[in-house]
Amino acid sequence: MCGIVGYLGAKEKKEILLDGLKELEYRGYDSAGIAVIEGVNLNSFKAVGKLENLVRKAKDFKADSFGVAIGHTRWATHGKPTELNAHPHLGKKSYVVHNGIIENYQELKKELISEGVEFLSQTDTEVIVHLFEKYNSELNEPFEAFKKTIERLDGAYATLLITKDAPDTIFFAKHGSPMLIGFDGDDVYFASSDTAIIGKADKVYYLEDGEYGYAKSGEVKLFNSKGEKSFTTKPLDGDKLSAQKDGYRFFMEKEIYEQSRVIVDTMMGRVLDSEVTLEEVNESFFEGIDSIKICACGTSYHSALATSYLFERMAKIRCDVEIASEFRYKEPLLDKSTLFITISQSGETADTLEALKMAKRAGLKSLTICNVDNSSIVRESDVALLTRAGIEKGVASTKAFATQTMLLWILAIYIAQLRGTLDRETIQKEIEAMRHSPTVLKVTDELHSKIHRLSKRYLHGHGFFFIGRDIFYPLALEGALKLKEISYLHAEGYPAGEMKHGPIALADSNLFTIALMPKTLLYDKIKSNVEELSARDATILAISPEPFDLADDFIQTKQAIHPMLEFFEMMVITQLLALEISIRLGNDVDMPRNLAKSVTVE
Ligand code: F6R
């Protein structure tokens, strides 16, 4: 997700834009840009990479007379993260910034090219500015031209446009991506999230889908499909930290809720109608590869372990997964026909980075799944696929895990396509399931309050066993890790079929078993494992679409068409359970004791 900031007034504009973009940077950080119009002067700056590169580039620029300004921080969806693809996009005398996706941009681009328009970027956004200029030269009325432009756009957008033909005006439109207008006296602000303008504006109006209009010297005109619309502002709370948490108690909680949104970002441009695609990598990269080795730590390791089942099952390619700190010292046998994949939220984990360097020294091709562009692991890898989760602030990883898992699933299907191991119908079903994932990741009030209520029964005992089979075994590991790292209670993840080989000796009523019982995968097998535990008086919390008589507590999930949908739904439940137990225990779940967000030491 990208970030947008806009400002109309006489204050120094560069600082307002850069300050705002800094707050939004966690949403996208592959490039950024600003554009300012003051009277007849047009200025714009763009830079690839973190915002600090733009700050450096624009350091001698000042804009403190009356004018309009727009800024943007991007992560790439259409077109690579280059300066030309960074926003704002320039026409002949107008600039545009945009969040979202213009679904019919190719058709519009073709039309404009046939009329002689030259495109500089590979983005969908650039069509907006050219369409606007075309209509403005026909109509000679910028607002009518803007209106006509947005009428032509299909898809999701929040967009701001400024033009030399109306140097005191910002045109805006929102449909499917967030945008708000802030007010401070005659000064007008725009942003994709209110954190960008806190401390600057004191009143705010959150635009609704289908609204558009213009701001001009303190006057804001708002329209929707019915015509001009009046609107009422709300006071804007000045507390940045609580605004950043969007009303949630902890960042971890917010990040759990964000998962259904960020997973869409992970899929964007990758999950198409009838195939998956990865523009970051050439098909030829996979030539000569006959196996995969994945190295990672902690939660990232769990996403690797879960999806290793998919690589073997779908792409019919051998896939081994190793904990990076173990891999480093085992004197591993490495073969050049193995693709070496690392997974890291931070991109800075020392063990994973060292494992990657070892693999590279052995001549293996490397690919990383990472959330932070330009991180050490991204720089070191031949190919990087970014998870696009946005900055994760809670130390306990949630949305990073969800997006890693989704991206690995996409990669498994991509490799299956290349190897021809799945028929069209199966690929179609995988795509259908991927597209349904945001729905199962949504946290409902009903689910959250049920877990909150249940959590008070799980604050004691001598330990938790999370059990599952197949891809639900790594999910059990992850559920246990989440719980132990923020509650400080002892929790283990186990393959359900292994319990009787030792751990079942611990079973009694003070042993809490969290049983992951999906219906789409090995239901009868896990059911008998749970029955064995119940017979030894273990306390069972069953999570399943099927009611289970022997459960002491039961959380019912939806009947699903695909195991991964059950996986994601159960993942959210285990995350919320860990969160609620830990909050009841009075812990700071965002900063658990002894842990750090980025483990840059061995
Ligand atoms: C747990 C957690 C850690 C990390 C691990 C690897 O919630 O976040 O287990 O997954 O430290 O970190 P990255 O993914 O940054 O390499």
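Predicted model: local features only at pLDDT ≥ 70, side-chain atom pairs only at ≥ 80, totals over all residues.
## Backbone exceptions

P88 sits in the loop between strand 4 (67-74) and strand 5 (89-90).

R388 lies between strand 20 (383-386) and helix 12 (399-419). R388 is not a glycine, yet its phi is positive, at about 60 degrees. Most residues other than glycine have a negative phi, and most peptide bonds are trans.

## Helix 8 against helix 15

Helix 8 covers residues 298-315 and helix 15 covers residues 472-487. The two pack at an angle of about 165 degrees, and their axes are 8 Å apart. Angles over 145 degrees count as roughly antiparallel, so helix 8 and helix 15 are roughly antiparallel to each other. Their crossing is left-handed.

Helix 8 contributes G298, T299, H302, L305, A306 and Y309 to the contact. Helix 15 contributes Y473, P474, L477, E478, L481 and K482. By class, the contact of helix 8 with helix 15 has seven nonpolar, three polar and two charged residues.

## Helix 7 against helix 13

Helix 7 spans residues 251-267, and helix 13 spans residues 424-441. They also pack at an angle of about 165 degrees, with axes 7 Å apart. Helix 7 and helix 13 are therefore roughly antiparallel to each other. Here the crossing is right-handed.

On the helix 7 side, the contact residues are Q259, S260, I263, V264 and M267. On the helix 13 side, they are M434, R435, P438 and L441. The contact of helix 7 with helix 13 divides into six nonpolar, two polar and one charged residues.

## Ligand surroundings

The ligand is surrounded by 15 residues. The closest are S300, S344, Q345, T349 and E485.

A polar side-chain atom of S300 is 2.5 Å from a ligand oxygen. For E485, a polar side-chain atom likewise lies 2.5 Å from an oxygen atom of the ligand. S397 uses its backbone: one of its polar backbone atoms is 2.8 Å from a ligand oxygen.

Terms used: Residues numbered from 1 in each chain as written. Heavy atoms only, no water. Axes fitted to C-alpha atoms, helices over the stretch in contact; angles between N-to-C directions. Helix = DSSP H or I, 4+ residues; strand = E, 2+ residues; numbered from the N terminus. Parallel < 35°, antiparallel > 145°, perpendicular 65-115°, else oblique. Left-handed = near helix turned anticlockwise from the far one by under 90°. Contact = heavy atoms within 4.5 Å. Nonpolar A, V, L, I, M, F, W, Y, C, P; charged D, E, K, R; others polar. Near = heavy atom within 4 Å. Polar contact = N/O pair within 3.5 Å; in protein donor to acceptor, adjacent residues only side chain to side chain.
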